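This briefing is meant for a reader meeting the structure for the first time. Please look over the sequence and the model shown here before turning to the notes that follow.

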Amino acid sequence: MADIAGECGTAGVRALVVLTAGLDTGQAEALFTCCRRHGMRLVGPNCLGIADTADEARLNATFAAHPPLPGCAGVAVQSGGVGIALLERFGRLGVGVSTFVSLGDKYDVSGNDMLQWWEADPSTRLAVLHLESFGNPRAFSRTARRVARTMPVLTVDAGRSEAGRRAAASHTAAAATPTMTRGALFTQAGIIATRSIAELVDTTALLHAQPLPAGIRVAVVSNAGGAGVLAADACVDAGLTVPALDPGLAGGLRAVLPPGAATGNPIDTTAAVTAERMRSCVNRLAAHGSVDAVLVVLVPTALATGTRDDPLLALTGAPGARPRPVAAVLLDQEAPVRLLASAADHPVPAYSEPQSAARALVHAARYARWRAEPPGSVPPLSGIDPAGATAIVEEFLTHHPDGGWPDPRDCAALLDRYRIPQLPWAWAEDEDTALAAARHLVADERGRVAVKAYWPGLVHKSDLGALRLDLEGPDQVRHAYRDLRARFGDRMAGAFLQPMAPRGVELFAGVVQDEVFGPLVLFGLGGTATELLADHAARLAPLTDRDVHSLLTAPRCAPLLFGYRGGGPMDLEGLEQLLLRLSRMACDLPQLAETDLNPVVARPDGIVALDVRLRLLPRHAHDPYLRRLRAARQWRT
């Protein structure tokens with residue numbers, strides 16, 4: 001094989017496609033080294049091959065039953081079996097491919113390479129990926145963000161099982177599941193992430209044939225009222241809206257539909273609707289500014305069969321392209337999805353289930369919204385001290401070479417270096433210093449304080465009873481400290497005292513350093529029920545201004561921040577600054593394995609972190625865009 005590679009390289013071949021699945025790791029890396037020595041890229045090994053239907057040779061090196069149709073979809077997979085399934089489904093659907101590559105073990109050609117190829121290829125207008133790994137996800141995200149501005153990038157979010165969740169001590173690390181990490185990558189890069197091959201094909205059919213919707217407002221039209229209700233429910237469940245129609249639009253529909261038609265939303269045309277009346281109805285909806293997409297749900301009726309005036313002809317016989325996407329649900333259709341040929345050369349995707357159509361529409365709408373928004377930028381931050389923070393981290397790791405959890409004093413000092421707001425605090429190692437600290441923290445003896453026990457490795461204080469709240473006066477402070485010391489003995493290194501914070505919305509914010517994806521910032525509902533309610537979202541750092549806004553609005557608790565039931569909005573600018581500064585701290589300090597701010601109290605007059613936990617590990621930053629190949633160490637030696 002190495003001799004063949006050498007001959008190919010001498011002959012000027014730019015890429016070597018390896019079809020065999022019989023190479024072991026040593027043979028594969030030797031072949032890889034040989035290819036690179038001769039200036040070639042290695043596709044595979046352990047792949048099914050490459051097919052480029054734009055090439056006159058029409059190389060078909062796959063095990064697919066039929067050669068792929070030529071078209072506009074670029075397809076790259078790691079699994080040969082998935083590649084075969086996609087080619088077959090696309091072929092039945094009538095969606096052709098511009099390029100197909102089975103990447104195998106991705107020794108030298110990756111999803112990044114394929115995205116860059118498709119970006120420069122005028123015949124490719126859809127990018128379809130099925131990747132089991134991303135190699136360097138941050139480099140992949142950088143490329144995908146750029147490519148998705150010009151064409152949809154679709155993938156299957158595989159490996160969502162909770163079995164992949166790693167054991168973690170802090171709330172933040174426990175929340176950073178593989179699903180959440182990949183979801184952050186997909187959301188920020190504008191990638192359309194589906195949950196199955198079927199959903200990927202359903203969405204591809206819509207994007208291939210119809211324009212992008214400008215929003216999530218759907219008009220549902222049906223010749224059977226019950227079927228329309230099912231479709232409306234499916235739309236709402238998927239995240240779309242089915243709003244009441246504009247009165248003028250509803251009046252216009254009544255003029256073209258049969259007597260007895262209901263012109264709410266969903267629109268019931270009755271079984272007496274003709275193809276011409278249905279066409280007028282759909283065209284009016286697709287042209288109106290209050291509608292973003294039209295979903296037509298049809299059931300077979302004896303009337304349509306007897307008169308041969310099938311309302312389906314309203315979709316296939318349309319004389320011109322409609323300005324908004326139109327999809328159909330045909331409840332008697334056997335195929336999950338097919339493309340209905342149209343006189344206007346704009347096929348209409350037809351689904352057998354309303355849920356499939358709704359999911360495809362919501363994917364298209366979210367992608368269109370992402371694409372319409374301007375790219376974000378990382379805002380500059382004032383008052384930060386990265387050098388001082390690095391010194392604190394290095395000092396801790398000098399005394400703890402294996403890493404660990406810094407005490408509250410170091411945690412507070414690190415937050416101070418990034419101007420992250422926190423409550424005033426004091427440290428105490430006996431009753432007398434605890435009393436002095438309490439007097440220092442509150443204005444008078446009626447002020448209330450909290451006493452928190454500390455020892456190395458303590459994370460969840462509430463679970464262990466290591467926390468005393470609402471202490472008023474010296475007697476209560478003395479009793480609380482004495483009680484904690486008696487309970488935990490010499491294990492307790494001291495106590496951390498803070499004044500009681502005013503009430504507000506309890507949130508949590510944190511960071512996990514993922515070995516592959518880099519820093520991941522999490523945000524959501526805080527307090528003792530953080531993990532139970534799991535109301536949080538995540539984005540990869542560094543956060544842009546757009547990422548921060550998306551992160552604030554993603555959790556279900558977001559309405560509490562923007563003013564709920566007459567309440568005023570929280571300090572949104574303060575929340576944005578907290579997340580941006582947390583992101584910057586994580587990017588500056590790769591040793592920051594976990595950061596947990598819980599709770600963070602949000603109020604209209606400010607934001608403050610009440611409790612902070614950090615875990616430091618000895619490691620160094622690397623270039624997130626530097627490509628790392630398996631045989632790199634062998635080259636250097």
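The accessible surface of the protein chain comes to about 28,000 Å², and 53% of this surface belongs to carbon and sulfur atoms; such areas come from the Shrake-Rupley method with a 1.4 Å probe, and for residues only the protein chains shown count as cover. The model is predicted, so local features need pLDDT of at least 70 and side-chain atom pairs count only at pLDDT 80 or more, while totals for chains, interfaces and linings use all residues. Residues are numbered from 1 along each chain as its sequence is written, and side-chain values use heavy atoms, with hydrogens and water left out.

**The chain as a whole**

- The protein chain holds 24 helices and 24 strands, which are DSSP runs numbered from the N terminus (helices are H or I with at least four residues, strands are E with at least two).
- Of the 637 residues in the protein chain, 54% are buried, where buried means under 20% relative accessible area, exposed means over 50%, and partly exposed lies in between, with a 1.4 Å probe and protein chains only.

**Aromatic pairs**

- The whole structure contains 4 aromatic pairs, a pair being rings of Phe, Tyr or Trp (its six-membered ring) with centres within 6.5 Å, called stacked if the planes are under 30 degrees apart, edge-to-face if over 60, and tilted for the rest.
- The rings of W425 and F496 are stacked, because their centres are 5.2 Å apart and their planes stand at 20°.
- This pair links distant parts of the chain, with W425 in the loop between α16 (408-417) and β15 (426-428) and F496 in strand β18 (residues 494-499), 71 residues apart.
- W425 is partly exposed at a relative accessible area of 30%, whereas F496 is buried at 9% relative accessibility.
- The rings of W427 and Y454 form an edge-to-face pair, since their centres are 6.0 Å apart and their planes stand at 70°.
- W427 lies in strand β15 and Y454 in strand β16 (residues 448-454), 27 residues apart; W427 is buried with a relative accessible area of 16%, and Y454 is buried with 10%.

**An open sheet**

- An open sheet of 6 strands runs in the order β10-β9-β11-β12-β14-β13 with mixed pairing, two strands being paired if DSSP finds at least two bridges between them.
- The edge strands, β10 (267-268) and β13 (337-340), each pair on one side only.
- Strand β13 is joined by 4 bridges to the antiparallel strand β14 (residues 348-351), where V348 is the bridge partner of L340.
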